[in-house]
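Here is a short note for someone opening this structure for the first time. Please read the points in order.

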Amino acid sequence: MSKRKARGLAPYVFISPFFVLFAVFGVFPIGYSIVMSLYNWKISGPVAFVGLQNYINVLTVDPYFWTALGNTVFLLFSGSLLQHFIALPLAILLNSRLARAKEFLKTAYFLPYVTSTVAVVIIFSNLFDTNFGLVNWLLGLAGLGPVAWLGDSVGIKAALSTVLNWKYVGWNMVIYLAGLQAIPAELYEAAAIDGAGALRRHLSITLPQLLPVIFFAVSLSVIGGMQIFEEPYIMTGGYENLGGEGNSGLTAAFYLMFTAFKAGRLGKASAIAWILFVAILALNAVNKAATDRLGGRR
Amino acid sequence: MTAGLAALALLFAFPFWYVFVLATWPGDRILEFPPHLFFGTGGAENLAILLARVPYVANFLNSLGIALVSTILALFFCTMAGFAFAKYRFRGRDRLYAFVIATLAVPGFLNIVPFYKMMVAFGWINTWLPLVVPGMAGAFGIFLMTQFLENSLPDELLDAGRIDGLTEFGLLLRLVFPLARPGMAILGIITFIGSWNSFTSALVFLPDLAKTTLPVALSVLNSRVDNNLGGLMLGTALSLLPLVAVFLAFSRQIIAGLTAGAVKS
Amino acid sequence: MKRSMAFFALAGLGLALAAQVFDPKSKVEVTLGVYGDLERAYTAVLASADFKSKYPNLSFKFQTADMNGHHNRLSTVLAAHEATNDVEALEIRFISQFVEGGGLVDLGAQPFGGRAAGRDLAKFAMSNATTTDGRLVALPVDIAPAVLFYRKDLADAAGVNLDNLANWDEYIAAGRKLTLDRDGDGRKDQFAITHPGDVGVIPLNGGNGGWFSGGKPLEPKDRFLAVLDLVAKIRKAGIDADLGAWTGPWTQAFKDGKVATMPLGSWFGGALKTWIAPESKGKWRVAYLPGRLYAAVGGTYLCIPDTVPPARRAAAWEVIKYLATTKEAQLATFKAIDAFPALTTVYGDKVMDEPVEYFGGQKVRKIYADVAMHIPEALVSPNDNIVLSIWMRAVGTVILGKKDAATAYEEARKKILATIE
């Protein structure tokens with residue numbers, strides 16, 4: 001085979017495993033899920049074809065979906081997106097000569113990602129306990145009244161955001177660290193010669209160079225953040241509490257799981273999943289557009 | 001500033017430390033309040049509970065084997081696909097890539113139902129296959145490697161390699177894999193941790209206790225009346241160690257990885 | 001021609017039924033899916049001499065997970081319509097979605113004869129496992145009669161008698177005396193109850209069934225409104241410690257003797273004794289709930305998924321029958337994991353008359369048995385879980401004082417109707 005032909009075929013060969021696997025393992029579940037969403041589907045199986053009624057019910061009649069979606073978007077910003085403003089500077093700091101014990105710090109910041117949820121919940125429930133928690137105790141020292149963190153709709157969001165930020169900021173930092181490695185050192189040297197200060201260098205070199213990584217990391221946060229389930233589920237007391245006071249901890253994925261496994265409505269749950277899919281795609285498109293524009297302004 | 005970074009490190013690391021502390025307290029004292037900050041003396045007792053209840057070593061090895069296989073496969077296939085999407089211009093590239101990304105947005109919570117049907121039909125229940133094969137060339141890994149390779153693989157390098165007589169596959173092995181190390185490190189960490197922590201898949205596809213993974217085995221200790229909390233904590237603590245080890249092993253690659261590339265223009 | 005066809009049809013039916021009749025000579029390995037400590041108990045029972053003498057050719061394999069994981073798995077495999085374990089355990093709170101949802105073998109039909117086999121099992125539990133069209137989809141194997149656990153020493157010190165409270169108002173009045181400042185630091189540190197939410201569902205069949213009446217949720221209105229009023233009254237009386245269940249401070253409160261009463265199912269006694277407050281041995285007692293309220297909070301059922309091949313159902317049924325309806329199995333399970341028997345004929349056994357050391361020698365099992373015999377039947381509906389969750393939220397809101405009982409009731413009712421669309 002000629003080199004040229006090989007070069008033309010190579011990419012198709014290289015990407016084929018994904019598509020083969022998708023054809024074998026991905027198509028059936030997706031198709032099944034779409035079909036489920038068009039039926040009134042109980043645990044024992046399909047009961048009746050209802051067409052788009054599940055979607056209509058979820059979007060218009062259901063009392064929890066929009067609350068859940070709103071909670072999810074709120075937590076997306078407060079628990080998944082805002083932390084990038086901390087993760088990126090942290091990565092820069094850790095990457096610079098100023099930071100000692102890089103390996104140790106990097107590992108320490110990453111530990112939340114691996115610490116299992118069993119322990120995390122015990123600790124954070126203790127921390128945010130209304131009567132005995134450390135947080136309220138500290139507030140008391142500052143003269144502020146105790147907050148019913150897990151018993152109050154605003155408090156629940158604050159506690160969940162804290163857990164999510166704590167858990168993932170190290171993870172984002174590591175991604176940014178990897179991205180920082182690819183920036184050629186000469187760029188910084190040249191800028192230093194030109195007399196640019198640290199802040200200026202980062203604004204005009206680091207940020208633009210990192211834009212693709214930022215897009216990537218934010219995309220992951222969007223995709224992951226819109227599907228958060230475990231932390232709200234455990235911290236607000238599971239299916240029987242529906243997200244705590246005001247359903248504040250009820251995320252879209254939480255409501256999806258409740259609808260499927262507690263309420264036994266697989267068709268409705270599938271509809272929720274597909275509506276969520278559209279929402280995630282939309283947010284990702286916004287992310288892409290924003291990143292492209294920022295890149296274009298370089 | 002060092003003090004600030006160190007304080008932050010303490011904040012992040014404390015709960016991890018806390019798991020190990022709790023693992024050394026007897027079950028009926030774990031939920032005591034105020035929470036214990038230092039080690040107790042119940043470690044041996046907890047170990048006895050743990051080993052009596054679950055075949056911990058077998059589960060540990062299962063978790064390790066499945067995670068390693070998943071990781072190696074993901075590193076290979078996703079880097080390969082990422083290379084293609086990042087560095088080749090081919091017909092349909094943009095649409096195919098967009099498709100891959102779109103599959104990431106499909107919430108997979110309910111997939112387990114049709115997926116289970118498939119695994120029964122294939123006869124793959126009680127094997128590692130459902131946990132390893134379908135995710136081999138996962139969209140997430142492809143996304144990651146594409147992003148990473150787009151910006152860190154100079155085209156000149158690839159052309160130079162071709163001129164030197166490397167085949168396309170040779171490029172992959174000789175140039176791409178070495179240069180992709182930071183990205184592969186991240187993918188390796190995520191894949192390993194994700195596989196290690198997966199619970200529902202293991203529960204459903206590996207019904208035999210001796211064949212299943214750690215999260216499932218540990219859930220056996222989770223009951224309201226029996227006093228197994230200590231064993232559960234110890235089992236959990238021990239199961240965190242490989243994750244830290246993997247992180248340490250891979251993360252060296254992240255900072256030790258390339259700067260400046262091999263080609264300077 | 002017609003006659004021979006009828007003959008063949010009958011023969012076919014007979015063969016099909018015969019396949020489901022137990023053959024004691026065939027060696028079968030029965031698989032059971034369970035959660036929590038059930039495996040420990042059942043392993044012992046199925047290894048006992050009595051079982052082995054009756055079923056020498058049966059062997060067993062267990063699949064255990066925590067309660068939520070187990071039910072998720074069961075839902076998944078049932079939804080996928082695939083074969084799974086021969087016998088599956090179901091906790092009472094999870095049974096409603098399976099009762100009407102289907103996917104389980106009708107144990108009341110031939111050749112099982114579940115109704116006859118289960119005639120001595122607690123009536124309310126049998127009723128919980130029966131669908132509106134009369135199918136018996138599971139057999140109850142243990143139940144958890146709800147009682148009032150209380151600290152006798154604290155009650156005596158406060159001069160209250162918790163043994164025969166006539167109604168919840170008397171309970172609250174007693175609770176006021178039980179809530180005090182023990183160490184004189186100006187803050188209350190002993191409380192009557194951990195949280196008003198503890199009684200949020202107990203007066204409503206323990207949350208198992210009875211949510212719908214005439215197809216309408218939360219009817220009759222007064223019954224449900226009364227519970228919302230009750231939790232509001234408890235909070236207003238200031239007698240609760242505002243502790244979240246199963247947290248560190250909650251556990252510590254029991255250890256420190258800061259909680260005077262706890263209304264819950266009989267299994268809670270086992271938890272107290274084993275790990276929550278073993279040091280308080282001798283100080284706790286058991287009483288009937290105020291007004292002799294009869295309810296169950298907890299309970300296990302065993303079922304056979306209908307994806308299990310007919311040939312395997314016979315052995316599975318024998319196992320279920322043994323675990324649920326034989327005295328030996330019921331008592332052994334009770335001894336092993338404190339799971340109160342569903343088999344009412346066991347209530348006359350001498351073990352029920354034993355004084356229980358942890359409760360200062362009180363014969364608590366007689367109380368459990370008496371409650372179990374009186375728990376009323378309630379109709380289970382497939383939407384019960386939805387109602388329960390929405391109801392708990394209403395209870396929570398009323399306790400926090402964010403809404404009054406009437407408003408919370410109306411909102412809950414509307415939300416339920418909209419969600420079960």
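1. With which residue of chain A does C:Arg93 form a salt bridge? The partner is A:Glu240, and the closest N and O atoms are 3.0 Å apart. A salt bridge here is a side-chain nitrogen of Lys or Arg within 4 Å of a carboxyl oxygen of Asp or Glu. Between chain C and chain A the count is 3 salt bridges.

2. A word on the basis. This is a predicted model, in which local features need pLDDT of at least 70, side-chain atom pairs count only at pLDDT 80 or more, and totals for chains, interfaces and linings use all residues. Residues are numbered from 1 along each chain as its sequence is written, chains are lettered from A and ligands numbered from 1 in the order in which they are written, and side-chain values use heavy atoms, with hydrogens and water left out.

3. Next, the extent of the interface. Chain C puts 37 residues in contact (heavy atoms within 4.5 Å) with 34 residues of chain A. The two chains bury about 2,900 Å² between them, 49% of it on carbon and sulfur atoms. Buried area is the accessible area (1.4 Å probe) that two parts lose on being put together, summed over both. C:Ser389, C:Arg393 and C:Thr419 supply 19% of the area that chain C buries against chain A, more than any other three residues.

4. Polar contacts come next. The rule finds 11 residue pairs in polar contact across the interface of chain C and chain A, both residues at pLDDT 80 or more. Such a contact is a pair of N or O atoms within 3.5 Å; within protein, one must be able to donate a hydrogen and the other to accept it, and residues adjacent in sequence count only if both atoms are side-chain atoms.

5. Now chain A itself. Chain A has 13 helices and 2 strands. Helices (H or I, at least four residues) and strands (E, at least two) are DSSP runs, numbered from the N terminus. Of its 298 residues, 55% count as buried, meaning under 20% relative accessible area (1.4 Å probe, protein chains only). The C-alpha atoms of chain A fill a box of roughly 75 × 70 × 35 Å along the principal axes.

6. Chain B has 13 helices and 0 strands. Buried residues make up 58% of its 265 residues. Its C-alpha trace spans about 70 × 60 × 30 Å along the principal axes.

Definitions and conventions:
Buried < 20%, exposed > 50% of the residue type's maximum accessible area, 1.4 Å probe, protein only.
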